[in-house]
Amino acid sequence: MGKSASKEFSREVLKAHNEFRKKHGAPALKLCNKLCKEAQQYAETLASTRVLKHSSESSRGQCGENLAWASYDQPGKEVADRWYNEIKNYNFRCPGFSSGTGHFTAMVWKSSKKMGVGKASATDGSTFVVARYFPAGNIMNQGYFEDNVLPPKK
């Protein structure tokens, strides 16, 4: 299996998340070793199967999850930017979940406190990135999006 997420890569992803979260009035996330270890294990599973699919909820417990794939060794900031760019599809006047904005809403979800990051390379040189968030965001119950996905401050 290819190289794992370096501490530097994890910090780069975390830094980008926290810059975006600040714009949305969400407190900074902290890296969690346990979540990093779990995200890394799952990234390695994805790299070995070369199939990008979310882990089962039972295997990730109370965590949310973002995934990314690229045919090259993707930098952490680029991964975070791609997820965040879904903001252009999010309607703050009609908050809620959609498959086209789930990465963005997970990133800025105000009540998430910790994150873990994993990255693994497949034999073809492509990379798989897994981010885990605790507690999970994107809760479908009424009012959760309004309270946790705040519009960016001007």
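The model is predicted. Its four strands form an open sheet of mixed pairing, in the order S1-S3-S4-S2. Helix H4 packs against H1 and against strands S2 and S4, among other elements.

**Sheet**

- Strand S1 (30-31) and strand S2 are the edge strands; each has a single partner strand, so one side of each lacks a neighbour in the sheet.
- S3 (residues 114-121) and S4 run antiparallel and are joined by eight bridges.
- S2 and S4 also run antiparallel, with seven bridges between them.
- Tyr133 of S4 is the bridge partner of Met115 and also of Gly64.
- Six of the seven residues of S2 are buried, so this strand is largely enclosed by the rest of the structure.

**Helices on the sheet**

**Helix H4 and its buried side**

- In helix H4 (residues 76-84), the buried residues are Gly76, Val79, Ala80, Trp83 and Tyr84.
- These residues span an arc of only 130° around the axis, which means that they lie on the same side of H4.
- Their packing partners are helix H1 (7-23), strand S2 (64-70), helix H5 (102-108) and strand S4 (127-134).

**Crossing of H1 and H4**

- Two packed helices are described by the angle and the distance between their axes.
- For H1 and H4, the axes come within 7 Å and cross at roughly 35°.
- The crossing of H1 and H4 is right-handed.
- On the H1 side, the contact is made by Phe9, Glu12, Val13, Ala16, His17, Phe20 and Lys23.
- On the H4 side, the contact is made by Gly76, Lys77, Ala80, Asp81, Trp83 and Tyr84.
- By class, this contact between H1 and H4 has seven nonpolar, two polar and four charged residues.
- Gly76, Ala80, Trp83 and Tyr84 are among the buried residues of H4 and also take part in the contact with H1.

**Arg60**

- Arg60 belongs to helix H3 (residues 57-60).
- Its relative accessibility is 15%, so Arg60 counts as buried, the cut-off being under 20%.
- Leaving aside residues up to four places away in sequence, Arg60 touches His54, Ser55, Glu65 and Arg132.

Definitions and conventions
Residues are numbered from 1 along each chain as its sequence is written. This is a predicted model: local features need pLDDT of at least 70, side-chain atom pairs count only at pLDDT 80 or more; totals for chains, interfaces and linings use all residues. Side-chain values use heavy atoms; hydrogens and water are left out. Buried means under 20% relative accessible area, exposed over 50%, partly exposed in between (1.4 Å probe, protein chains only). Helices (H or I, at least four residues) and strands (E, at least two) are DSSP runs, numbered from the N terminus. The arc is that of the directions from the helix axis to the C-beta atoms. Contact means heavy atoms within 4.5 Å. Axes are lines fitted to C-alpha atoms, for helices over the stretch in contact, and angles run from 0 to 180 degrees between N-to-C directions. A crossing is left-handed if the near helix is turned anticlockwise from the far one by less than a right angle, and right-handed if clockwise. Ala, Val, Leu, Ile, Met, Phe, Trp, Tyr, Cys and Pro count as nonpolar, Asp, Glu, Lys and Arg as charged, and the others, Gly among them, as polar. Two strands pair if DSSP finds at least two bridges between them.
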